[in-house]
Amino acid sequence: MTLPNLNFIAILPQTIVIVMALLVLLLDAIDRKGSWSRPLLPWLALIAIVAAGATSVWLALPANQPQVFQDMAVADGFAMMFNLVILIAAGFGVALAYATIPKISDQVGAYYALLLLALAGMMTMGSGIDLIVIFLALEIFSLALYILVGFNREEPRSAEASLKYFLLGAFASGFFLYGVALLYGATASTNLVEIATALASDSSLNAFYLYAGTAMLIVGFGFKIAMVPFHSWTPDAYQGAPTPVTGFMSVATKAAAFAAFVRVFLWALPSAQYVWGYALAGLAIATMTLGNLAALRQTSLKRMLAYSGIAHAGYAMVGLVAGTSQGVSAVLFYLFVYAFMNLGAFAVVLAMEHLGDNDVTREQLAGLSDRQPLLAAAMAVFMFALAGIPPLAGFFAKLYVFGAAVEAGWIWLVVIGVLNSVLSAYYYLRVTAEMYFRRVPDEGLARRSGNMPLAGADASAESTLLAGSSLAVSAVVFIAAVGTVLIGIYPYPWATWFNEAARAMFGG
């Protein structure tokens, strides 16, 4: 009996973050009072994220062949580029949590360990080439997120959000697992390559098992990307979760689910695209439209960004519907850009929050351009980018996704997407108008607007970028704003990189 050839290079990024998660837990257990370990833990998490990112870039280099682990996971350019998107979201999530999490919980070590474990599961979603592995990865990061959403035990909305997310997530996981079972019944395999081979070579497969299993997989993935009608958890979870958690999950969860979504449907089920393509197109329309219409009515910024995230999931789905290498690279580019502009917006929300509060209303932004001109300018950049206004990165993200769909013949879907993008501009620009064109009616409201004092001895605090917030939050706002602008000005290098990753997935 010989031992199997275990190629751990294929899962090296995940191994790095798991080992660091265990180290974080160990240090937290040794120093129970947190006297010396607490300031060290976020830096250890960042080191793991940077190391995993460097490893992912190295594995994605064209000179390196895709690495396979036991026919269950692969480290190719496609998976590694999705790793980068997820790792960027995680890095921002750690920075946003640096000064926030210690104020709401003394379980700081648990927070960073859970974030790293969620990160490992998310990266495995894109690398998985077996449905069982993808399911296990889905459950690993989902369980960590259920806890992180309810991490603020003093906030009733946080506990409610966690419970709702957990219950609905359990149903979605059940649908996904039933879908895996039905596909196994149709093809006698859970390996994506073997499923594709069975579908291409055997026309006598049980069509009911095949299409029912495909539909159930759509439910499982649709829940994670907040696709209508599986989106109901999103606004409550986003509003109730601590804002650093909300920002992280708003990007990383979508990226992980889309990575597996693309891999499964374009690797294993391309022969059934004539069926699932129209189904996903209809769901994309419903997702874009409902997300934008619901966002119009929101006064809470976190709920508005939640419904906005639902709409953006619909836009990204347009690239998946295209089903081409160009569509895959467009989805990658879209989520990469979304990481900067959406996490930047959540960083501004965190900077505006009162101590003890967990949200900001649109009215609290009134007159922000007078009190905090740099913060208001950064928020305007994020709102314009999310709306898709040129020359910011959000415009090119939508342009690439819609262009891929047009090339694939989905012109009517693109028309609906463009109309939805125009509709979304209203609520994004309304936030900007609130900051620049509405004045605070009295000092009392001004003092409630983000805990930013306007007069007296506290006025000197206004000289900083983010009065009352940490340097880490300031750094996230700055990096996200610069990234949103620079990617918009120079989109070609990034798009080329993602094109190469997408072609690698298709074997080109």
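I'll start with the overall fold, then go to salt bridges, and finish with a few backbone details.

First, the ground rules. This is a predicted model, where local features need pLDDT of at least 70, side-chain atom pairs count only at pLDDT 80 or more, and totals for chains, interfaces and linings use all residues. Residues are numbered from 1 along each chain as its sequence is written, and side-chain values use heavy atoms, with hydrogens and water left out.

Overall fold. The protein has 21 helices and two strands. Those are DSSP runs, numbered from the N terminus: helices are H or I with at least four residues, strands are E with at least two. The radius of gyration is 22 Å, close to the 23 Å that the globule rule gives for 508 residues, so the protein is as compact as a globular protein of that length. That radius is taken over C-alpha atoms, and the rule is 2.2 Å times the number of residues to the power 0.38. Along its principal axes, the C-alpha trace spans about 80 × 55 × 45 Å.

How much of the protein is buried? Buried residues make up 60% of the 508. Buried means under 20% relative accessible area, exposed means over 50%, and partly exposed is in between, with a 1.4 Å probe and protein chains only. The accessible surface comes to about 19,000 Å², and 68% of that belongs to carbon and sulfur atoms. Areas come from the Shrake-Rupley method with a 1.4 Å probe; for residues, only the protein chains shown count as cover.

Now contacts, meaning heavy atoms within 4.5 Å. Take the contacts between residues at least 6 apart in sequence: 81% of them join residues at least 24 apart.

On to charges. Lys and Arg count as positive, Asp and Glu as negative; His and the chain ends are not counted. There are 22 positive and 25 negative charges, and their mean positions are 6 Å apart. Each charge is placed at NZ of Lys, CZ of Arg, CG of Asp or CD of Glu.

Salt bridges next. The structure holds six. The criterion is a side-chain nitrogen of Lys or Arg within 4 Å of a carboxyl oxygen of Asp or Glu.

Which residues are linked in a network of salt bridges? Lys 164, Asp 236 and Arg 303. Asp 236 meets Lys 164 at 2.6 Å, N to O. That pair links distant parts of the chain: Asp 236 sits in helix H10, residues 233–240, and Lys 164 in helix H7, residues 156–187, 72 residues apart. Asp 236 also bridges to Arg 303, with the closest N and O atoms 3.1 Å apart. Arg 303 lies in helix H13, residues 301–322, and Asp 236 in H10, so this pair ties together parts that are 67 residues apart in sequence. Look at the accessibilities. Arg 303 is buried at 19%. Asp 236 is partly exposed at 22%, and Lys 164 is partly exposed at 30%.

One of the other bridges joins Arg 157 and Glu 155, at 3.4 Å between the closest N and O atoms. Arg 157 is partly exposed, at 33%. Glu 155 counts as buried, at 14%.

Asp 130 is buried yet has no salt bridge. The nearest side chain of opposite charge is Arg 263, 12 Å away. Asp 130 is in the loop between helix H5 (108–127) and helix H6 (131–149). What does Asp 130 touch, not counting residues up to four places away in sequence? Asp 71, Met 72, Thr 190, Asn 191 and Leu 192.

Backbone details. Two cis peptide bonds to point out. The bond from Val 228 to Pro 229 is cis, with omega near 10°. Pro 229 is in the loop between helix H9 (207–224) and H10. The bond from Pro 390 to Pro 391 is cis too, with omega near 5°.

Then positive phi. Ala 226 is not a glycine, yet its phi is about 65°. Ala 226 is in the loop between H9 and H10, and counts as buried at 1% relative accessibility. Gln 70 is not a glycine either, and its phi is about 55°. Gln 70 lies in the loop between strand S1 (67–69) and strand S2 (73–75). At 31%, Gln 70 counts as partly exposed.

Last stop, Gln 372. This residue is in the loop between helix H15 (368–371) and helix H16 (373–387). Gln 372 counts as buried, at 2%. Gln 372 and Met 435 are 63 residues apart in sequence and 9.6 Å apart in space, C-alpha to C-alpha.
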